[in-house]
Amino acid sequence: MPKFMSRNDLLLFAGFSLVVLTMPIWLAPFGAGYPDLLQRFMIFGIFAVGFNILFGLTGYLSFGHAAFFGVGSYAAVWSFKLLTLDAIPAMIFAVVISGLFALVIGFLCLRRSGIYFSILTLAFAQMSYNLAYSVLTPITNGETGLQLTLSDPRVIDAAVGQGFVGQPVPNILGQQLSGYAGFYFCAGFLILAFFIAQRIAGSPFGMMLKAIKSNQTRMQFTGFNTRPYALSAFVISGMYAGLAGALLAVTDPLAGAERMQWTASGEVVLMTILGGVGTLVGPVIGAWIIKYFENILSALNDNILARFWSFLPEGVADVLVKVTSKFVGDGWHLTLGLAFVIVVIFLPGGIMEGVRRVAGLFRRSGSSGAKTAPQTQPAE
Amino acid sequence: MANPNVVLHVADVHKRFGGLHALSDIDLQIEEGKTHAIIGPNGAGKSTLLNVIIGKLAPSSGQVVFDGNVLTGKKPYQINQLGIARVFQTPEIFADLSVLHNVMIPALAKRDGMFTLNMMRSLESETGIRAKAEHMLEDVGMLNRRDMLAGSLSRGDKRRMELAMCLIQHPRLLLLDEPTAGMSRHDTNTTIELLKKIKARGMTKVIIEHDMHVVFSLADKISVLAQGRIIADGTPDQVRGNPKVQEAYLGGAH
């Protein structure tokens with residue numbers, strides 16, 4: 001067995017990478033095989049993986065992670081405006097800035113735990129949102145959102161004499177990041193993000209985070225100063241959120257304050273719980289499912305529904321169109337809410353628990369060995 | 001202090017909760033290598049005293065000195081790092097982790113307690129710590145349960161594991177808060193056997209206990225607490241014969 005990674009970890013990582021990279025192929029039959037949506041799958045996957053390091057491993061539920069996502073976006077767009085249109089410096093800049101921001105907010109919020117911690121993060125995130133929306137308009141361009149313009153200085157691009165024609169678009173080493181290039185760029189980061197999360201979960205540091213979640217009192221009486229451990233989990237997950245925000249700015253160079261609103265913070269909580277808190281792949285799957293159904297359901301309208309139900313007698317079809325139309329389009333959050341309630345009641349461990357239960361049914365004939373499997377590799 | 005063997009000195013401690021004198025004028029000297037039991041009826045202030053020693057409660061006056069360090073005002077993790085480990089009345093364990101990991105964490109605490117961002121090292125490669133933890137589990141007779149979830153253990157096994165978690169740190173002082181509370185006769189006896197085994201190693205222990213059977217089979221010295229005061233102090237035989245103790249505790253309760 002190699003010392004760096006166990007065989008199971010290696011298999012999981014290889015399987016995950018394969019699934020991600022082949023997404024354009026296997027998602028095509030589901031009507032999701034186009035770059036714009038796939039990029040969002042990658043971006044929110046990264047967001048959820050990072051959020052899970054704080055919520056799933058360490059047990060601190062933050063209701064304000066969209067703030068770091070938004071800061072990442074703003075930082076990336078400023079890098080495009082001031083430095084260069086190349087994506088790499090923008091990403092580095094965004095991750096560093098959101099990490100610093102998370103350090104300050106985390107330092108303050110982690111003075112409390114449980115619900116008080118959650119409320120503090122929510123309060124800070126709403127403050128950030130309001131600052132971005134109005135007070136800090138010179139930096140954020142208020143409700144219009146921060147955009148690229150032809151007159152931006154871009155000192156590095158100007159210094160190397162790179163000119164361009166038309167609307168400025170982010171690139172990497174001159175290669176444009178539109179379409180599938182953008183998807184593979186984001187996919188590379190998701191795989192990297194997953195790898196780092198996997199390393200954290202399998203390290204002594206990760207075990208300490210799990211121990212903090214399990215019993216903070218025992219941790220302290222065991223001689224651990226838990227604060228720096230929780231704070232580093234907070235900063236790492238803030239940097240993940242910043243990375244995701246930067247990627248969104250790379251694929252669409254516009255940053256708006258609504259990205260920092262509490263609904264966006266709530267969404268990543270839903271993704272993590274829906275997929276499976278504390279598991280490695282669960283949050284990613286949760287992010288994919290939510291983004292997929294958001295895409296499908298919010299595009300439906302009364303006309304499409306009328307065609308769908310047209311095989312029924314006219315009166316019945318009209319009623320069904322009326323009822324179902326509340327659950328699609330702008331009302332798709334109603335469907336999301338219902339699905340969430342059902343999962344929390346029947347599968348508190350999320351989709352990953354469902355997968356484990358099904359796997360357990362197949363393995364039952366084996367032996368009690370199946371029972372010990374999930375705990376020797378809890379990060380499955 | 002006058003006696004150089006004293007490792008823990010509870011000096012003139014008072015603790016008031018509003019108008020209630022939970023502890024008055026407590027002066028305790030615990031000697032190195034001895035097992036010192038603190039007994040007393042319910043509400044005598046035993047748990048308050050332990051919480052003052054461990055730094056969970058601040059005394060209203062007086063102080064607690066361990067090996068030249070004033071414990072008062074220190075945080076639990078700092079007190080642990082001075083060499084004090086604690087077993088709780090209800091086992092405080094990492095219920096969602098395996099037994100082996102439960103025992104590995106305190107061993108890592110000695111090394112990384114203050115904070116190390118060792119997130120790129122693999123848990124698999126911590127062979128030294130793992131071997132130590134396995135050895136410790138073998139010592140308390142739980143090696144065959146190492147892959148079980150700690151939360152699924154029986155009460156007696158949780159206690160044994162918690163003891164292993166404390167012992168792996170080689171503490172200079174072990175505090176035990178009713179180590180056999182809520183246990184079956186069988187579990188109580190295995191726990192006493194284990195504590196006797198540890199006693200042979202010369203570790204200093206303070207036991208707070210209800211069960212006379214446990215106290216008289218383990219303690220070198222006993223202090224009897226009643227209504228927040230120490231009413232008797234001495235060897236088990238001295239305490240057993242003390243009429244004040246008979247009246248306040250042994251006679252009254254049984």
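Tutor: Start with the term. On a 1 Å grid over the protein atoms alone, a cavity is a set of points where a 1.4 Å probe fits but cannot get out; a lining residue has an atom within 4 Å of a point. Grid points are joined across faces, edges and corners, and a volume is the space filled by probe spheres set on the points. The model is predicted: local features need pLDDT of at least 70, side-chain atom pairs count only at pLDDT 80 or more, and totals for chains, interfaces and linings use all residues. Residues are numbered from 1 along each chain as its sequence is written, chains are lettered from A and ligands numbered from 1 in the order in which they are written, and side-chain values use heavy atoms, without hydrogens and water.

Now the cavity. The structure has three cavities of 30 Å³ or more. The largest cavity holds about 60 Å³ of space. It is lined by 10 residues, with Asn52(A), Ile53(A), Leu57(A), Ala197(A) and Leu280(A) closest to its centre. Helix 3 and helix 9 (179-201) of chain A each give two or more residues to this lining. Helices are DSSP runs (H or I, at least four residues), numbered from the N terminus. Helix 3 of chain A has the largest share, four residues.

Next, the classes. Ala, Val, Leu, Ile, Met, Phe, Trp, Tyr, Cys and Pro count as nonpolar, Asp, Glu, Lys and Arg as charged, and the others, Gly among them, as polar. The lining of the largest cavity has seven nonpolar, three polar and no charged residues.

Terms used
1 Å grid on protein atoms, 1.4 Å probe; cavity = no way out; pocket = protein on both sides within 12 Å on 5 of 7 lines; lining within 4 Å.
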